[in-house]
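Biologist: Let us go through the labels on this model one by one. I will ask what stands behind each.

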Amino acid sequence: MRFVSIASGSSGNCIYAGTESTHILVDAGISAKRIEQGLFEVGLKAGEVNAICITHEHTDHVRGLGVLARKYAIPIYGTKGTLQEIKKIKGLGEYPEELLHPVLPDVKFTVGDMDVLPFHIDHDAADPVAYRIQSGNKSIAVATDLGHYNQYTIDHLLDLDAVLLESNHDLRMLETGPYPYYLKRRIMGDFGHLSNENAGRLLNCILSGKMKHILLGHLSQENNMPELAYETVRLEVDMGDTPYQASDFYMAVARRDRMSDILTV
C-alpha cells in the first residue's frame, strides 16, 4: 500500500491510501483542485478514486466533497449521523445522494482489495470515526480529532505498518494564546483534540516492530508548531516505557500546505 497526506491541519485534511488497483481518500477537507493536484503527484486522476471515507462533518474534513462528488461520482462513506449532517451543509451544493453509503463503527467494509474498519472516536461531532485500512497483511490508520484515547482506541491501532496520528496543540501555547476560554476548554476536553504530549503517550501504547511510518497530523495553526510537535512526541517516545526510540521509525509532521512523502508499506 501507498500512504500519503495530501493536507493535514486544523484548516483542512485529506489523506490518500491505495494499492495498485484500489484508491481511497480519508476526508476531503481542502478544495477539490488541491485534491486533484495531490493525486496527480501520486500518479492518479481523481476519477480513479474508489471511495472517500469521511471521519466527521466538520468543514476541514468535507470542504471539497461536493465538487468531487459532482465531477467524479465517487462513493462517499461515513456513519449515518455524519452523512445526515453532511446533507445539511448547503455550501457543498447538490450531488447525487445515492453516492452516500452509511457505515457502522467496528463493522468492516470492503473497497476493491482493501478492507476498511471504522472505529469510534470522541469528538464534538454527530458520530465521528477514525479508519483502519488493510490490504493483505499491511495495515494503516488515520486517527485525528480525538478528545482523548482509551483501551478501545489502543486496540484498534495495534499492529499497524503506518499511522497518521493527531498531534493538534501544545498545551502552553493553547493556554496562553488568543482563543476565548470556552474554546480552549473545548479543545482540551474529552471531545476536543489530542495534545502533542498525549499523541506521544498514545504512540507509546501502539508501537511495535511492525510499525515503519508515523505521520503527526491535524496540527493547529494557532496553537502548535511543526518543530514543537515533532520534538514533544519524540521526547515522549524516547522517555517512554517501551523498548523503542523515535529514531527506530520514520516520523514526520504532515503539513497543511504541502504533501507528505509518499510512504510505501
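Modeller: Start with a definition. A cavity is a set of grid points where a 1.4 Å probe fits but cannot get out. Its volume is the space filled by probe spheres set on the points. This is a predicted model.

Biologist: How many cavities of 30 Å³ or more does a search of the whole structure find?

Modeller: One. About 40 Å³ of space lies in the largest cavity.

Biologist: What lines the largest cavity?

Modeller: Its lining is made up of S8, N13, I15, V26, D27, H61, V142, T144 and L164. By class, that gives four nonpolar, four polar and one charged.

Biologist: What makes a space a pocket instead?

Modeller: A pocket is an open set of points, with protein on both sides within 12 Å along at least five of seven lines. The largest pocket has a volume of about 210 Å³. It is lined by 16 residues, and S10, Y179, R186, I187 and H193 are the closest to its centre.

Biologist: Which element gives the largest share of that lining?

Modeller: Helix α7, residues 181-188, with three residues. The lining of the largest pocket holds nine polar, four charged and three nonpolar residues.

Biologist: What is the volume of the second largest pocket?

Modeller: About 170 Å³. Of its 13 lining residues, L219, S220, P226, R255 and R256 are the closest to the centre. The classes here are five nonpolar, four polar and four charged.

Biologist: Why is the pair of Y77 and F109 called stacked?

Modeller: Rings pair if their centres lie within 6.5 Å, and planes under 30 degrees apart count as stacked. The ring centres of Y77 and F109 are 4.8 Å apart and their planes are at 15 degrees, so the pair is stacked.

Biologist: What does this pair tie together?

Modeller: Y77 lies in strand β5 (residues 76-79) and F109 in strand β7 (residues 109-111), so the pair ties together parts that are 32 residues apart in sequence.

Technical notes
Residues are numbered from 1 along each chain as its sequence is written. This is a predicted model: local features need pLDDT of at least 70, side-chain atom pairs count only at pLDDT 80 or more; totals for chains, interfaces and linings use all residues. Side-chain values use heavy atoms; hydrogens and water are left out. On a 1 Å grid over the protein atoms alone, a cavity is a set of points where a 1.4 Å probe fits but cannot get out, and a pocket is an open set with protein on both sides within 12 Å along at least five of seven lines; lining residues have an atom within 4 Å of a point. Helices (H or I, at least four residues) and strands (E, at least two) are DSSP runs, numbered from the N terminus. Ala, Val, Leu, Ile, Met, Phe, Trp, Tyr, Cys and Pro count as nonpolar, Asp, Glu, Lys and Arg as charged, and the others, Gly among them, as polar. Rings of Phe, Tyr and Trp (its six-membered ring) pair if their centres lie within 6.5 Å; planes under 30 degrees apart count as stacked, over 60 as edge-to-face and the rest as tilted.
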